[in-house]
Amino acid sequence: MLALALFLACAPGADTEEDKALDADGDGLNAEQEAEAGTDPDVADSDGDGFDDGDEVSDGTSPTWKWSHVYAAGDYLVGNCPVQPSESTGPSGTGSYDSYTWDAYQEGDVMHNLGEGGLDSFNQEVPVYAFCGNYTLVTQSAEWCGPCQQLASVMAEEMEDIRAQVPNFIFYELLYQNNRGNNPNERTLSGWRDEFELDGIPVVAPADNTADDMNWINASGGIPATLLLAPDMTVIWSGLDNPRQGYLADKRDILAAIRAHQEGR
């Protein structure tokens, strides 16, 4: 009986009390690894996003940022988000068209969590903060918009070319209206994704396409409208600061804007 007890205590997979103490919450990270990751050693899922800390570290996502985790569909380049943005900030500029004015993002502003509460083409909530840690080009489009369709048709190829020089780059396609001007449903979103072969590019409908923040991206009132975000979600290119250019679409211009940011210009 004593021999059997000794065998069970030493059998492969049988944790000793010392091993359990090193990984108190059972998330696959020992105390030293928890400290390095900035996670709670007593909570398996520190950011409460449904994914254990150890799995997130293994996946390369952030165990301390609730929007950074692997998504079930989409094969998205999710960001690690080493510097988390402030969710309370908003636009400091003013967009205008004829006699109308509205709040709009300008360079230096920190982007809010656009798309929160909305759904992507796979019926998942994938807000823009899921890509904190990447250079992200936010595009505001509509199903009925010809220039938006033209931009969408080159997105996949441009993203591949840009990633050859900037590996942490992604497009974020906010499709805010269908052909009738309503909020797009999953069928519209998946149709847009498939038509333009936007594999790996989130195609997202907002929770409410009449909300004020639908105007914040747009400096002129026209679409497509674009914002380029740095890895910390700071706006580094806005139509408000580049009125002659209108919107950012050509990969050469996107790369130039990224290089300018990287070089501190």
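Helices (H or I, at least four residues) and strands (E, at least two) are DSSP runs, numbered from the N terminus. By that count, the protein chain holds eight helices and eight strands. This is a predicted model: local features need pLDDT of at least 70, side-chain atom pairs count only at pLDDT 80 or more, and totals for chains, interfaces and linings use all residues. Residues are numbered from 1 along each chain as its sequence is written, and side-chain values use heavy atoms, with hydrogens and water left out.

**Overall picture**

- The C-alpha trace of the protein chain spans about 90 × 40 × 35 Å along its principal axes.
- Of the 265 residues in the protein chain, 46% are buried. Buried means under 20% relative accessible area, exposed over 50%, and partly exposed in between (1.4 Å probe, protein chains only).
- Contact means heavy atoms within 4.5 Å. Among contacts with a separation of 6 or more, 62% join residues 24 or more positions apart.
- The accessible surface of the protein chain is about 13200 Å² (Shrake-Rupley method, 1.4 Å probe). Carbon and sulfur atoms own 48% of that surface.

**Charge**

- The protein chain carries 11 positive and 48 negative side chains. Lys and Arg count as positive, Asp and Glu as negative; His and the chain ends are not counted.
- The centres of the two sets lie 12 Å apart. Each charge is placed at NZ of Lys, CZ of Arg, CG of Asp or CD of Glu.

**The sheet**

- Six strands form an open sheet, in the order E3-E6-E5-E4-E7-E8, with mixed pairing. Two strands pair if DSSP finds at least two bridges between them.
- Strand E3 (119–120) and strand E8 (235–238) are the edges. Each has a single partner strand, so one side of each lacks a neighbour in the sheet.
- Helix H5 (residues 146–163) packs on the sheet and touches E4 and strand E5 (169–177). The direction of H5 makes about 165 degrees with that of E5. Axes are lines fitted to C-alpha atoms, for helices over the stretch in contact, and angles run from 0 to 180 degrees between N-to-C directions.
- Helix H6 (residues 186–195) lies across E3, E4, E5 and strand E6 (203–205). H6 runs at about 155 degrees to E6.

**Strand E4**

- Eight of the eight residues of E4 are buried, so E4 is largely enclosed by the rest of the structure.
- Tyr135, Leu137, Thr139 and Ser141 point one way from E4, while Thr136, Val138, Gln140 and Ala142 point the other way.
- E4 and E5 run parallel, joined by eight bridges. Val138 stands opposite Tyr172 in E5.
- E4 (residues 135–142) pairs with strand E7 (residues 225–229) in the antiparallel sense over five bridges. Thr136 has Leu229 in E7 as its bridge partner, and Gln140 stands opposite Ala225 in E7.

- E7 is mostly covered, with five of its five residues buried. Ala225, Leu227 and Leu229 lie on one side, Thr226 and Leu228 on the other.
- E7 and E8 run antiparallel, joined by three bridges. Leu227 stands opposite Ser238 in E8.
- The two strands E7 and E8 form a hairpin with five residues between them. Met233 in the turn has a positive phi of about 75 degrees.

**Around Asp23**

- Asp23 sits in the loop between helix H2 (17–22) and helix H3 (31–37).
- Leaving aside neighbours within four places in sequence, Asp23 is in contact with Gly28, Leu29 and Asn30.
- Asp23 and Thr234 are 211 residues apart in sequence and 36 Å apart in space, C-alpha to C-alpha.
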